[in-house]
Amino acid sequence: MFGFFKDKFNNLKQTVSNTAQMLVGNVTNAVGQEEEFSEFVLDDMEDVLISADLGVGYAAELVDKLRNQTKIKPADVKKYLKDEFSKTLKDAGSTEINIQDGLNIYFICGVNGVGKTTLIGKLAYKFRNSGKRVLIAAGDTFRAAAEEQLDIWSKRAGASIVRRDKADPASVVYEAIEKAKAENFDIVLVDTAGRLQNKFNLMEELKKIKSVIDKKAPEALRECMLVLDANTGQNGLQQAKVFSEAVNLTSVALTKLDGSAKGAIVLAVAKEMKLPVKLIGVGEKMEDLKEFNPDEFIEALFE
Ligand SMILES: Nc1nc2c(ncn2[C@@H]2O[C@H](COP(=O)(O)OP(=O)(O)O)[C@@H](O)[C@H]2O)c(=O)[nH]1
Ligand SMILES: [Mg+2]
């Protein structure tokens, strides 16, 4: 039992090792040997935090708290950051993957290529393994290849699928919810497009799908999850703002954390958007999806 968890933890440590170097390693190198937090040292620290993709506002806030105080010394910087990051993740809300008895709908959105369809395949597999009946709604009718890709994932995972080539995505989702209710599915996973002719059209389409879900299944547990690619760094924060305004997000999944040096976006999103990261993608295979545990993440970052 212990060995199993230890192994899991070591994997996470490996996954976030580049981020740990960018964020914790570089800050410690920049300030750890100093006597006091002089303006010069604080400037250095701020630069390092910004280049680790923590965001300008958050970096400035962390540095400001160290100004005009004498309690925390540069040698304590690691503990200081660890406490601050823990607090930020806790304040962003529960990271639990909630499932209720009855219907659960996961509405998955995000820009093109971030890993939405892959995430849906992995999630279907995860829920199937815990004995749930899973229905996938192929809401990306914009790209024919996206539906094919979903078909393959759904077969692999043992999930059912509703797809209608070139149909209006909202109508596909409508049909999926009817089917889920009639046939007692536990979970509906809604895939969506990430690129339409323009941003306005995409957001209008997502709003329409969201409104179908809200009207058709108000009793369902409804999760509205934004998928972000860890490698996009600060750009991810901008995406979170745009999607949040359109569809009122409830959580984030961070993909491609494997090898990324920009995993600090987890902290930036938690801080700026108050959105919990619930899932992390750590590879391309069906099993490469983990529930995000803030304590484990922090431990892995700081060792
Ligand atoms: N390394 C890695 N690659 C991933 C991960 N998630 C998705 N991908 C890859 O990212 C690419 C785009 O994924 P896709 O699901 O089609 O993105 P979508 O356009 O948002 O639906 C594919 O090549 C996936 O294999 C991950 O967690 N790690
Ligand atoms: Mg897709």
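How many nonpolar, polar and charged residues does the shell around ligand 1 have? I opened the predicted model with that in mind. By class, I find two nonpolar, 10 polar and five charged residues in this shell.

**Ligand 1.** I listed the surroundings next. The ligand has 17 residues around it. Gly 115, Lys 116, Thr 117, Thr 118 and Gly 281 are the closest. I then asked which element gives the largest share of the shell. Helix H6, residues 116-129, does, with three residues.

**Positive phi.** Most residues other than glycine have a negative phi. Asp 53 has phi near 75°. I place Asp 53 in the loop between helix H3 (39-51) and helix H4 (56-64). Asn 68 also has a positive phi, about 55°. Asn 68 sits in the loop between H4 and helix H5 (77-91).

Is each of these buried or exposed? Asp 53 counts as buried because it has 28 C-beta neighbours inside 10 Å, and the cut-off is 20 or more. Asn 68 has 7 other C-beta atoms within 10 Å, so I note it as exposed.

**H8 against H9.** I checked how helix H8 (residues 169-182) packs on helix H9 (residues 199-216). The angle is about 20° and the axes are 9 Å apart. The two helices are therefore roughly parallel, as angles under 35 degrees count that way. H8 passes H9 in a right-handed crossing. On the H8 side I see Pro 169, Ala 170, Val 173, Tyr 174 and Ile 177. They meet Glu 205, Lys 208, Ile 209, Val 212, Ile 213 and Lys 216 in H9. By class, this contact has eight nonpolar, no polar and three charged residues.

Technical notes:
Residues numbered from 1 in each chain as written. Chains lettered and ligands numbered in written order. Predicted model: local features only at pLDDT ≥ 70, side-chain atom pairs only at ≥ 80, totals over all residues. Near = placed C-beta within 6 Å. Helix = DSSP H or I, 4+ residues; strand = E, 2+ residues; numbered from the N terminus. Nonpolar A, V, L, I, M, F, W, Y, C, P; charged D, E, K, R; others polar. Buried ≥ 20, exposed ≤ 12 C-beta atoms within 10 Å, placed from the backbone. Axes fitted to C-alpha atoms, helices over the stretch in contact; angles between N-to-C directions. Parallel < 35°, antiparallel > 145°, perpendicular 65-115°, else oblique. Left-handed = near helix turned anticlockwise from the far one by under 90°. Contact = placed C-beta atoms within 7 Å.
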